[in-house]
Amino acid sequence: MLNQTSVTEFFLLGVTDIQVLQPVLFVVFLTIYFLNLAGNGAILIVVISDPRLHSPMYFFLGNLSCLDICYSTVTLPKMLENFLSTHKAISFLGCISQLHFFHFLGSTEAMLVPVMAFDRFVAICKPLRYTLIMSHQVCIQMAVTIWIIGFFHALLHSVMTSRLNFCGSNHIHHFFCDVKPLLKLACGNTELNQWLLNNVTGTFAMGSFFLTLLSYFYIIIYLFFKTHSCSMLHKALSTCASHFMVVVLLFGPVFFIYIHPASGSSMDQERIIAIMYSVVTPVLNPLIYTLRNKEVKEALRRMIRRKL
């Protein structure tokens, strides 16, 4: 999986070239990274350790927290290093590896969201069959399947990108290695790579988004026509609302970057949007779930009391 040129490294130009902002941004993003590790790490620990949370919903929430930790770790440590360094280089192999794991974890999370929505659909609309449909074995199979599909989806992009010729500039106008910035540096025909990005990644994103919306649509219709208890309706809609916030935060930026026409956005816009889904969204997920989920908050309190 090596390119056919003499390029051995790339230079990541980062978020901004204003030197005075570099230390400030370092502190800001380091704080965000620690909040991400602490928030998602706490959810992951409490989901594993608390028997009351050993259910499909929290099993998938644990997967989401694990993905968010890994997802940020792919890009943020290198970004933080570059804030304090004048040599912002990344090796060719390191660049392709970063691209691979970024798309691997991102596409896995995109597929996990509709699975979580389906879990809520079964729990609310088919409660008597919930334990049968969403058995422990089925949940593990679903999780393993989406992780494997995500890996091979990312492998497609990393292999195809690594085979491009890079004969011009090796300065990437981004803070991490991604397909679109690398395509702008490639020599020769990149139509196939662009087609794969727009259609394959676009299909992943659009498919996951509409499957998620479909689950929520059926949940809302079911609740309005079948539920006569206002408290039960409020509780169910509150649970779905937290999930839907994750959907908006995840898919909104993805549509803009990977489905929006390449000529329709500037590099600065793309970097800002990339910060949103690669840095900000992972740290917001634990806040969304813990602030809106009574069971998670109680489990965290129990864990803190045990530590004290």
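Helix α3 (residues 92–125) and helix α5 (residues 136–162) pack at an angle of about 145 degrees, and their axes sit 8 Å apart. Keep in mind that this is a predicted model: local features need pLDDT of at least 70, side-chain atom pairs count only at pLDDT 80 or more, and totals for chains, interfaces and linings use all residues. Residues are numbered from 1 along each chain as its sequence is written, and side-chain values use heavy atoms, with hydrogens and water left out.

- Two packed helices are described by the angle between their axes and the distance between the axes.
- Here, axes are lines fitted to C-alpha atoms, for helices over the stretch in contact, and angles run from 0 to 180 degrees between N-to-C directions.
- The crossing of α3 and α5 is right-handed; that word is used if the near helix is turned clockwise from the far one by less than a right angle, and left-handed is used if it is turned anticlockwise.
- Sorted by class, the contact of α3 with α5 has 16 nonpolar, ten polar and no charged residues.
- For that sorting, Ala, Val, Leu, Ile, Met, Phe, Trp, Tyr, Cys and Pro count as nonpolar, Asp, Glu, Lys and Arg as charged, and the others, Gly among them, as polar.
- Phe 151 belongs to helix α5, and His 103 is 48 residues away from Phe 151 in sequence but 8.0 Å away in space, C-alpha to C-alpha.
- Phe 151 counts as partly exposed because its relative accessibility is 33% (buried means under 20% relative accessible area, exposed over 50%, partly exposed in between, with a 1.4 Å probe and protein chains only).

**The chain as a whole**

- The chain has ten helices and three strands; helices (H or I, at least four residues) and strands (E, at least two) are DSSP runs, numbered from the N terminus.
- Going along the sequence, you get the pattern β-α-α-β-α-α-α-β-α-α-α-α-α.
- Of the 308 residues in the chain, 51% are buried.

**Salt bridges**

- Side chains of opposite charge can pair when their charged atoms come close.
- A salt bridge here is a side-chain nitrogen of Lys or Arg within 4 Å of a carboxyl oxygen of Asp or Glu, and the whole structure has four of them.
- Asp 50, Arg 52 and Arg 302 are linked in a network of salt bridges.
- In the Asp 50–Arg 302 salt bridge, the N to O distance is 2.8 Å.
- Asp 50 lies in the loop between α1 (22–49) and α2 (56–83), while Arg 302 is in helix α10 (residues 294–307), so this pair ties together parts that are 252 residues apart in sequence.
- Both Asp 50 and Arg 302 are buried.
- Arg 52 also forms a salt bridge with Asp 50, and the closest N and O atoms there are 3.9 Å apart.
- Arg 52 counts as exposed because its relative accessibility is 60%, whereas Asp 50 is buried, with a relative accessible area of 2%.
- Another salt bridge joins the side chains of Arg 120 and Asp 119 (2.9 Å, N to O).
- Arg 120 counts as buried at 10% relative accessibility, and Asp 119 is buried too, at 1%.
- Asp 119 is part of helix α3, and its C-alpha atom is separated by 7.2 Å from that of Met 134, 15 residues apart along the chain.

**A nonpolar patch on the surface**

- Leu 211, Leu 214, Phe 217, Tyr 218, Ile 220, Ile 221, Phe 224, Phe 225 and Leu 237 form a nonpolar surface patch, with about 910 Å² of accessible area together.
- Patches are made of residues with over 30% relative accessible area and no salt bridge, where like charges are joined within 9 Å and nonpolar side chains (Val, Leu, Ile, Met, Phe, Trp, Tyr) within 5 Å.
- The accessible areas come from the Shrake-Rupley method with a 1.4 Å probe, and for residues, only the protein chains shown count as cover.
- Helix α7 (residues 191–226) gives the most to this patch, with eight residues, and Phe 217 is in helix α7.

**A spot in α8**

- Tyr 258 is found in helix α8 (residues 230–259), and Tyr 258 counts as buried at 4% relative accessibility.
- Tyr 258 and Glu 270 are twelve residues apart in sequence, and their C-alpha atoms are 9.9 Å apart in space.
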